[in-house]
Amino acid sequence: MDVSFLGGPQPQRGVGVVAPFDFALDRELWRWVPDDVSLHLTRTPFVPVEVSLDLARMVSEHETLREAVQALCAVTPEVVAYACTSGSFVGGMAGERGMCAAMEQSGEMPALTTSGALLAALQEIGARRIALVTPYTRSVTTALEEYLGEGGISVTGRAYLGLTRHIWKVPYRDVVDMAREAVVGAADALFISCTNLPTYDVIPQLEAELRMPVLSANQVTMWAALRRIGEQAVGPYQALLDPVARRGPAAMSSSPPEDPVVGTGIGPGPQFSGERAEPEAAFAGPPVPPEAETLDGLDLPPYPEEPGGPGIP
């Protein structure tokens, strides 16, 4: 059978991803990627240490990152992302910049990290005060708050699980419960940390219930990497990806609102602050039946565990 009329496979652009050895959510990363982009993943070498500040330092050593990036060079990605939140914030902002420099030098291509992408995403949506959710221990969560503080971001509320292993097994329901606990005070957004914590399906539902932008580690990583090569991440009703979702259904009208959102002056793009036009509509999310107005009415399944997935023993 002659299949030449098909014209061959669609040309692909490449995004390289360096992940920690225990990363188990490859499929979640792919869900943000458009059809004309391929992800090329590699992992750091295994070290017998539980999730901690020590592990974060080990998996983010410059030599480890250089070797991982060199392995990716064979498939010539256009950008490389280090997909690890704790590994990229453990050394503060200076450490994060050093990691990017080491990767760029090794691969001669643009490089970014999850924590650097987080600060860029918060600037994109104009958020300076955030609620924070992590699966980490208290010490790792505190280190993240310190990194955010360096970037001019204050944490208004937090919730953490205290886990040191098997983070990818946390079900969506636990993520939702932590989010509700963390959102106190005048937060501009919610951030869910750790690239090994499943978040894709829960983001739009949380935005609808909490009426604020919800960012996650994998989301900001893919958003930043794709933006670096001129592509857009895909995802249903997520404020970071869709400016319409940043204002709720009211923004879909053909005429602009009389009273625009008051910006915080933190960076380009639509801005957030405590003053909003049409506050009842902002972040209202897509229409839902009365019995499902909050996540209590939704039956979100746990994120499917990858069979035979890696993990810290």
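Me: Taking helices (H or I, at least four residues) and strands (E, at least two) as DSSP runs numbered from the N terminus, where is V3 found?
Reply: V3 belongs to the segment before β1, the strand that spans 13-19. The model is predicted, so local features need pLDDT of at least 70 and side-chain atom pairs count only at pLDDT 80 or more, while totals for chains, interfaces and linings use all residues. Residues are numbered from 1 along each chain as its sequence is written, and side-chain values use heavy atoms, with hydrogens and water left out.

Me: How exposed is V3?
Reply: V3 has a relative accessible area of 45% and is therefore partly exposed, given that buried means under 20% relative accessible area, exposed over 50%, and partly exposed in between (1.4 Å probe, protein chains only).

Me: Which residues form the nonpolar patch on the surface?
Reply: The patch consists of V3, F5 and L6, which together have about 340 Å² of accessible area. Areas come from the Shrake-Rupley method with a 1.4 Å probe, and for residues only the protein chains shown count as cover. Patches take residues with over 30% relative accessible area and no salt bridge, joining like charges within 9 Å and nonpolar side chains (Val, Leu, Ile, Met, Phe, Trp, Tyr) within 5 Å; a salt bridge is a side-chain nitrogen of Lys or Arg within 4 Å of a carboxyl oxygen of Asp or Glu.

Me: Switching to the sheet, in what order do the four strands come?
Reply: The order is β6-β5-β7-β8, in an open sheet with parallel pairing, where two strands pair if DSSP finds at least two bridges between them. Because β6 (154-160) and β8 (214-216) stand at the edges with a single partner strand each, one side of each has no neighbour in the sheet. Neighbouring strands are turned by 20° against each other on average, direction ignored.

Me: And how many bridges join β5 to β7?
Reply: Four bridges join these parallel strands, and A131 has L190 in β7 as its bridge partner. Strand β7 (residues 189-192) also pairs with β8, in the parallel sense, over three bridges, and there F191 is partnered by L215 in β8.

Me: Which residues of β7 are buried on its two faces?
Reply: A189 and F191 are buried on one side, and L190 and I192 on the other, so that both faces of β7 are covered.

Me: Which strands do α6 and α7 lie across?
Reply: Helix α6 (residues 114-125) lies across β5 (129-134), β7 and β8, at about 165° to β8, whereas helix α7 (residues 138-150) lies across β5, β6 and β7, at about 155° to β5. Axes are lines fitted to C-alpha atoms, for helices over the stretch in contact, and angles run from 0 to 180 degrees between N-to-C directions; contact means heavy atoms within 4.5 Å.

Me: What do the buried residues of α9 pack against?
Reply: They pack against α8 (172-182), β7, β8 and α10 (217-228). The buried residues of α9 (residues 202-210) are V202, I203, P204, L206, E207 and L210, and R211, which follows α9, has a positive phi near 55°.

Me: Last one: is S86 buried or exposed?
Reply: S86 counts as buried because its relative accessibility is 10%. This serine is found in helix α4 (residues 85-89), and, leaving aside neighbours within four places in sequence, S86 is in contact with A56, Y136 and V140.
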